[in-house]
Amino acid sequence: MLAMNFRGPFRVRADRDRPFPEIEHPEDAIVKVIRSCICGSDLHLYHGLVPDTRVGSTFGHEFIGEIVEVGSSVEKVKVGDRVMVPFNIACGKCAFCKQELYGQCHEANPQSTAAGGIFGYSHTAGGYNGGQAEYVRVPYADVGPTVIPDWMDPDDAVLLTDVVPTGYQAAEMGGIQEGDTVVVFGAGPIGIMAAKSAWLFGAGRVIVIDQLDYRLEFVKEFAQCEVYNFKHLEDPVVFIKKITDSLGADVCIDAVGCEAAGDTMNTMLGRKLLMQGGSTTALHWAINSVKKGGIVSIVGVYGPIDALVPIGNVVNKGITIRASQASVKRLLPKMIEHVKNGIIDPKAMITHRIPLEEVGEGYHIFSKKLDNCIKTVLIPPSA
């Protein structure tokens with residue numbers, strides 16, 4: 001079958017000789033992919049920043065498709081169902097799944113005490129192949145896959161597998177109160193959705209910080225927020241203090257993660273020398289920009305090794321930090337309703353629809369931020 005094949009950092013190709021997935025457990029399903037996405041998190045793999053990303057891997061944790069085969073124990077979905085598949089691989093039975101912490105499932109990634117199972121996201125996340133392919137094996141098929149409503153556009157559905165719930169949960173974890181000032185670091189798809197979602201929780205002011213003007217213009221229109229390019233600011237932390245009566249923001253959201261630009265030392269240690277779990281520049285800014293007693297919400301991806309974090313400022317300012325992989329399954333019913341009611345228009349973020357055969361070019365465009373790229377969807381030839 002046709003699938004994306006990782007050949008090393010900055011090297012991916014479309015491979016027509018990948019083996020078809022098979023049922024390996026009675027709770028499995030095989031899904032014929034209709035849409036998949038390239039996520040900003042995939043770029044961390046593409047750039048060689050995630051440990052144990054093995055040559056021959058197939059990426060892709062955002063995908064939807066049609067079920068073509070089910071294991072003998074599967075009861076809640078059937079052959080022919082069109083489903084959206086959360087990026088979390090979750091058993092539904094462990095201590096963490098019972099708390100609806102599906103991103104922390106204890107069974108899907110038994111080799112790790114820190115990360116749950118994720119489709120197409122290295123062997124640190126379980127070593128599962130992802131959905132940038134014509135077909136994919138989906139474990140625990142009675143838990144994750146959710147039938148796509150007949151009225152829903154496939155382009156909306158595929159963004160409900162990660163981007164929409166992750167951005168929403170970023171705002172949710174911020175504990176936003178009526179009238180709060182919320183600062184979002186990062187104007188990629190997750191940051192865009194976090195800014196949009198902040199209004200749903202009652203924010204009185206939403207500010208987005210990024211370095212790319214075209215992304216800032218996009219989020220300004222999509223989420224009706226204030227935008228600032230940090231390259232034009234002498235110090236983003238001082239700037240935020242000045243525009244918040246010297247108090248700081250009520251809530252800061254790190255929607256950037258390990259590839260944050262803006263600080264030479266962090267860039268060198270985290271992105272060039274790989275001596276820490278990524279560049280923590282955005283996290284520094286979030287911690288130092290939030291008010292005393294404020295909340296920092298983290299959905300940006302960082303590696304499993306140590307990273308430079310100003311923990312003294314966290315303690316002395318009395319900051320609450322909340323961080324998690326989004327519990328997509330928990331949030332899907334609400335996200336579906338928001339799409340149905342026109343509150344959220346996910347597909348408006350899609351700027352590029354690319355045949356799976358051209359996946360290498362898709363990664364190049366998205367990685368280099370060419371052609372005003374916001375979100376890329378891959379379409380298999382069999383879709």
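## An enclosed helix

Helix H8 spans residues 281-289, and seven of its nine residues are buried, so the rest of the structure largely encloses H8. The buried residues of H8 are Thr281, Ala282, Leu283, Trp285, Ala286, Ile287 and Ser289. Keep in mind that this model is predicted.

Helix H3 covers residues 163-173. Ten of its eleven residues are buried, so H3 too is largely enclosed by the rest of the structure. Look for Val163, Val164, Pro165, Thr166, Gly167, Tyr168, Gln169, Ala170, Ala171 and Met173, the buried residues of H3.

What covers them? Several helices and strands take part in covering the buried residues of H3. The helices include H2 (154-159), H4 (189-200) and H10 (328-340). The strands include S13 (249-254), S14 (290-298) and S15 (320-323). After H3 comes Gly175, with a positive phi near 55°.

Domain 1 puts 26 residues into the contact, and domain 2 puts in 23 residues.

## The nonpolar cores

The largest nonpolar core has 76 residues. Within this core, Met84, Leu160, Val208, Val219, Met349 and Tyr363 touch the most other members. Both domain 1 and domain 2 give residues to the core, so the core lies between them. Another core, of 24 residues, lies apart from this one, and includes Ala29, Val77, Ala90 and Val143.

Now take Val208. Setting aside neighbours within four places in sequence, Val208 contacts Val184, Gly186, Ala187, Ala195, Leu216, Val219, Cys225, Glu226, Val227 and Tyr228.

Phe222 sits in helix H5 (residues 213-223). Is Phe222 buried or exposed? Its relative accessible area is 11%, so Phe222 is buried, because buried means under 20%.

Leave out residues up to four places away in sequence. Phe222 then touches Ile192, Met193, Lys196, Asp345, Ala348 and Met349. Lys196 stands 26 residues from Phe222 in sequence, but the C-alpha atoms are 7.3 Å apart in space.

## A nonpolar surface patch

Met268, Leu273 and Met275 make a nonpolar surface patch of about 320 Å². Met275 belongs to the loop between helix H7 (264-272) and H8. The relative accessibility of Met275 is 59%, so this residue counts as exposed. The cut-off for exposed is over 50%.

## Salt bridges

How many salt bridges does the structure hold? There are 14. One of them joins Asp52 to Arg54, with the closest N and O atoms 2.8 Å apart. Asp52 is partly exposed at 36% relative accessibility. Arg54 is also partly exposed, at 41%.

Another bridge pairs Asp81 with Lys78, where the closest N and O atoms are 3.0 Å apart. Here Asp81 is buried, with a relative accessible area of 11%, whereas Lys78 counts as exposed at 53%. The side chains of Lys347 and Asp345 also meet, at 3.4 Å from N to O. Lys347 is partly exposed at 31%, and Asp345 is partly exposed at 34%. Finally, Glu24, Asp28 and Arg137 are linked in a network of salt bridges.

Notes. Residues are numbered from 1 along each chain as its sequence is written. This is a predicted model: local features need pLDDT of at least 70, side-chain atom pairs count only at pLDDT 80 or more; totals for chains, interfaces and linings use all residues. Side-chain values use heavy atoms; hydrogens and water are left out. A nonpolar core is a set of buried Ala, Val, Leu, Ile, Met, Phe, Trp, Tyr and Cys residues joined through side-chain atoms within 4.5 Å. Buried means under 20% relative accessible area, exposed over 50%, partly exposed in between (1.4 Å probe, protein chains only). Domain bounds come from an automatic or database domain assignment. Contact means heavy atoms within 4.5 Å. Helices (H or I, at least four residues) and strands (E, at least two) are DSSP runs, numbered from the N terminus. Patches are made of residues with over 30% relative accessible area and no salt bridge: like charges are joined within 9 Å, nonpolar side chains (Val, Leu, Ile, Met, Phe, Trp, Tyr) within 5 Å. Accessible areas come from the Shrake-Rupley method with a 1.4 Å probe; for residues, only the protein chains shown count as cover. A salt bridge is a side-chain nitrogen of Lys or Arg within 4 Å of a carboxyl oxygen of Asp or Glu.
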